[in-house]
Every structure is written in structure tokens, then in C-alpha cells.
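Please walk me through this protein structure.

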Amino acid sequence: NRCISGSILHTTGLDRITKIDNYKHTVTAQAGVRIGTLVDELAKQGLELIGAYDLQGRTLGGAIAAPCFGPVIGNQGAYFSSHVIAMKIVTSSGKFLNVEPHQKNLLSAFRQSLGLLGVIYEATVRVDRKSTRLNSSHVVISYAVFCLKKKQKKNKKKHNYTHITTL
């Protein structure tokens with residue numbers, strides 16, 4: 001990556017999940033962990049991220065610092081960063097800062113801050129038990145196959161809740 005001025009920090013080397021707490025429903029991970037990796041590891045513990053997490057290639061720190069995830073349907077729908085309950089930051093002056101759950105204003109300031117206030121190097125995020133109420137899958141198919149599937153679906157009375165994405 002090129003930057004006209006300033007610096008770019010790649011946090012992908014900070015890729016450890018340090019704690020998954022089934023009792024408190026939280027996960028603590030370093031900022032470079034990919035969302036997809038986090039989703040996979042949480043699933044092994046019967047947990048999942050709250051809300052939408054469609055950009056699984058993004059890092060945890062990037063997902064928190066940039067408003068990448070929009071609201072979702074449900075009583076817990078919100079931007080991904082709103083589920084962050086603690087962070088560890090390196091400020092622009094090089095000082096280490098622990099932002100704790102009781103420091104609501106400070107947490108809000110660092111959420112979606114685009115890294116302007118400092119660099120997130122670790123975060124604790126609220127998670128939920130893995131939902132078994134609705135399962136969906138995504139398949140990439142051609143338009144012709146989509147039309148054929150749609151025609152077949154019309155002829156069936158049983159509902160299939162698989163989402164199909166066309167090319």
C-alpha cells in the first residue's frame with residue numbers, strides 16, 4: 001500500500017485469539033485477527049458474533065475502527081463496534097491505554113475513529129450463543145441455473161430458506 005503522507009500499520013501479525021469466555025459471552029483477540037477466523041473459532045465453542053459480519057477478510061481492529069458493518073434486524077442490531085466492551089490502544093504519542101467497560105465515553109470515541117486517536121491492538125467483544133433458529137447458506141451460480149432453481153421452487157410446496165447469489 002502507498003500513502004502520500006503519514007503511516008500505514010499492518011496489524012495482521014497480531015492474529016491471536018487470547019480468550020473465549022463462554023460464561024461471560026465475550027471474546028478477546030488481537031487486532032489483526034481476521035473476522036472469518038474469529039467466526040470459525042467461536043463456532044467451535046458454540047458462539048457467534050452478534051449482528052452482521054459479512055466482510056470476513058477484514059481484521060478485528062479494522063472492523064472496529066471503520067464503520068464497516070451496518071445495522072441488522074433484531075434487538076441486538078447495531079454497528080459491529082458497538083459490541084466492543086474493552087480495548088487496548090497505542091495512542092499517537094506512543095502511550096498504552098486500556099479502555100475498560102465502565103469508560104463508555106472513551107469506548108465510544110475509539111469506535112469508528114478510523115485510527116485517528118490511536119491504534120487498537122486488542123479488543124474484547126460481546127458474543128452470543130450460536131443460533132440454531134435459522135441457518136442459511138450462500139451459493140454462487142449462473143443466471144440460467146438461478147432461473148431453473150426458481151422455476152423448480154415455484155412447483156414445490158415445501159419452503160427452502162437457502163439464499164442464492166447470482167453472478
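**A walk through the model**

Of the 167 residues in the protein, 29% are buried. Buried means under 20% relative accessible area, exposed means over 50%, and partly exposed is in between, with a 1.4 Å probe and protein chains only. This is a predicted model: local features need pLDDT of at least 70, side-chain atom pairs count only at pLDDT 80 or more, and totals for chains, interfaces and linings use all residues. Residues are numbered from 1 along each chain as its sequence is written, and side-chain values use heavy atoms, with hydrogens and water left out.

Start with the layout. The protein has four helices and eight strands. Helices (H or I, at least four residues) and strands (E, at least two) are DSSP runs, numbered from the N terminus. In that direction the order is β-β-α-β-α-β-β-α-β-β-α-β. Contact means heavy atoms within 4.5 Å. Among contacts with a separation of 6 or more, 56% join residues 24 or more positions apart. The accessible surface comes to about 11400 Å², and carbon and sulfur atoms hold 53% of it. Such areas come from the Shrake-Rupley method with a 1.4 Å probe; for residues, only the protein chains shown count as cover.

Now go inside. A nonpolar core is a set of buried Ala, Val, Leu, Ile, Met, Phe, Trp, Tyr and Cys residues joined through side-chain atoms within 4.5 Å. The largest one has 25 residues. Those with the most contacts inside it are L38, L49, L60, I64, F80, M87 and I120. The elements that give two or more residues to this core are β2 (26-30), α1 (35-44), β3 (47-49), α2 (60-65), β4 (84-91), α3 (104-110) and β6. Take I120 as an example. Beyond four places in sequence, I120 touches A31, G61, I64, A65, M87, K88 and I89.

Next comes Y121, in strand β6. What does Y121 touch, leaving aside its neighbours within four places in sequence? The partners are L14, Q30, A31, K88, I89, V90, F96 and N98. Q30 is 91 residues from Y121 along the chain, yet their C-alpha atoms are separated by 5.6 Å.

Rings of Phe, Tyr and Trp (its six-membered ring) pair if their centres lie within 6.5 Å; planes under 30 degrees apart count as stacked, over 60 as edge-to-face and the rest as tilted. The count is one aromatic pair. F96 and Y121 form it edge-to-face, at 5.8 Å centre to centre and 90 degrees between the planes. F96 lies in strand β5 (residues 96-99) and Y121 in strand β6 (residues 118-129), so the pair ties together parts that are 25 residues apart in sequence. F96 is exposed at 65% relative accessibility. Y121 is partly exposed at 23%.

Then look at E122, also placed in strand β6. E122 is buried, with a relative accessible area of 14%. Its contacts beyond four places in sequence are T18, T28, A29, Q30, A31, A86, M87 and K88.

The last of these brings in charge. A salt bridge is a side-chain nitrogen of Lys or Arg within 4 Å of a carboxyl oxygen of Asp or Glu. The structure holds three. One joins E122 and K88, at 3.4 Å from N to O. This pair links distant parts of the chain, with E122 in strand β6 and K88 in strand β4, 34 residues apart. K88 is partly exposed, at 31%.

Another bridge joins K44 and E41, whose closest N and O atoms are 3.0 Å apart. The two are three residues apart in helix α1, so about one helical turn separates them. K44 is exposed at 62%, while E41 is partly exposed at 28%. K19 and D21 form a bridge too, with closest N and O atoms 4.0 Å apart. K19 is partly exposed at 48%, whereas D21 is buried at 12%.

Both K19 and D21 also touch T26. T26 sits in strand β2 and is buried at 10% relative accessibility. H25 is in the loop between β1 (17-21) and β2. H25 is not a glycine, yet has a positive phi of about 55 degrees.
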